[in-house]
Amino acid sequence: MKDARKDHASGQLSGQTAGQKDAYSLILEAIDIGIYRPGDRLVESELAERFGVSRTPIREALQRLETQSMLTRDGRSLIVASLDHNQMADLYVVRTELEGLAARLAARHATPEEIRVLRDMVDEDRALVDDPDALSKANRRFHKQIHLASHNRYLVKQLDLVHRSMALLATTSLAVEGRGAEAIDEHDEIVSAIEAGDGNAAHAALSNHISKAFVTRLKIDAETER
């Protein structure tokens, strides 16, 4: 299963050699889209061959990702890190506050065209409720669009870091039965508030959306423990 998933990387990241993206960006993207998941071992030679770059930039990228706590040591090997309960809780606290702020600013600064894109995303994503992986990718695009619509470059940068860490959660809460449809309805509420220029309602809607996702994830972990 893992080999098949990793082989699929060639299609998703095709043509993205070092001339287009550096080794760090390529590995980070592979983690972000789930080609490499928490617990997966990263091997220099395999990564160099897969991405068509030499081992030196791969080695430097792995060292950088390790200092950023995206990778951790397992003996002599580097593996994709995972988040424990407290780390996950801390991450969701920060994410809720920053995402809520982004929605509030988007209600104030989003252009009609940006709002139209958000509305189209909600409408199109309804067709993905039975495909958790595709919906998860669409969800990331939706949230990124809200970040950009805030028109605050410093906030966007911080949210990029938060969402990078979200990749260290092994599963998506959108895979839980019924959660996908609920999440899209919540997206619809967020966009409606932004469209109305109601910053408080946008903040509340997005904060509620993240809170429900966190509750769902806690339930997933509780089931896993059982």
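This report walks through the fold of one protein, from its overall plan to its helix packing.

## Overall plan

The model is predicted. The protein has 11 helices and three strands. Read from the N terminus, its elements run α-α-α-β-α-α-β-β-α-α-α-α-α-α. The protein has 226 residues, and 44% of them count as buried.

The three strands form an open sheet. Their order is E1-E3-E2, and the pairing is antiparallel. Which strands lie at the edges? They are E1 (41-42) and E2, each of which pairs on one side only. Helix H5 packs on this sheet and touches E1, E2 and E3. The direction of H5 makes about 95° with that of E2.

Look next at E2 and E3. Strand E2 covers residues 71-74, and strand E3 covers residues 77-80. The two pair in the antiparallel sense over four bridges. Within this pair, threonine 72 stands opposite isoleucine 79 of E3. In a regular strand, side chains alternate between the two faces of the sheet.

E2 and E3 also form a hairpin, with two residues between them. Glycine 75 sits in the turn and has a positive phi of about 70°.

Serine 69 has a positive phi too, of about 65°, although serine 69 is not a glycine. Where is serine 69 found? It is in the loop between helix H5 (55-67) and E2.

Helix H8 spans residues 132-149. It has 18 residues. From its first C-alpha to its last, H8 reaches 25 Å. That is close to the 26 Å expected at 1.5 Å a residue.

The buried residues of H8 are Leu135, Ser136, Ala138, Asn139, Phe142, His143, Gln145, Ile146, His147 and Ala149. An α-helix has 3.6 residues a turn, so residues three or four places apart point the same way.

After H8 comes histidine 151. Histidine 151 lies in the loop between H8 and helix H9 (153-166). Its phi is near 55°, a positive value in a residue other than glycine. Is histidine 151 buried, exposed or partly exposed? Histidine 151 counts as partly exposed, because its relative accessibility is 47%.

## How the helices pack

Two packed helices are described by the angle between their axes and the distance between the axes.

| Helix pair | Angle | Axis distance |
|---|---|---|
| H7 and H8 | about 165° | 10 Å |
| H8 and H9 | about 160° | 9 Å |
| H6 and H9 | about 140° | 10 Å |

Start with H7 and H8. Helix H7 covers residues 112-125, and H7 packs against H8 at an angle of about 165°. That angle makes H7 roughly antiparallel to H8, since angles over 145 degrees count as roughly antiparallel. The crossing of H7 and H8 is left-handed. On the H7 side, Glu114, Val117, Leu118, Met121, Val122 and Asp125 make the contact. On the H8 side, the residues include Leu135, Ala138, Phe142 and Ile146.

Turn to H8 and H9. They pack at an angle of about 160°. This makes H8 roughly antiparallel to H9. Their crossing is right-handed. From H8, the contact uses His143, Lys144, His147 and Leu148. From H9, it uses Val156, Leu159, Asp160 and His163.

## A closer look at threonine 96

Threonine 96 lies in helix H6, which covers residues 85-109. Why does threonine 96 count as buried? Its relative accessibility is 18%, and buried means under 20%. Which residues does threonine 96 contact, leaving aside its neighbours within four places in sequence? They are Ser207 and Ile210.

Definitions and conventions: Residues are numbered from 1 along each chain as its sequence is written. This is a predicted model: local features need pLDDT of at least 70, side-chain atom pairs count only at pLDDT 80 or more; totals for chains, interfaces and linings use all residues. Side-chain values use heavy atoms; hydrogens and water are left out. Two strands pair if DSSP finds at least two bridges between them. Buried means under 20% relative accessible area, exposed over 50%, partly exposed in between (1.4 Å probe, protein chains only). Contact means heavy atoms within 4.5 Å. The expected span of a helix is 1.5 Å times one less than its number of residues. Axes are lines fitted to C-alpha atoms, for helices over the stretch in contact, and angles run from 0 to 180 degrees between N-to-C directions. Angles under 35 degrees count as roughly parallel, over 145 as roughly antiparallel, 65 to 115 as roughly perpendicular and the rest as oblique. A crossing is left-handed if the near helix is turned anticlockwise from the far one by less than a right angle, and right-handed if clockwise.
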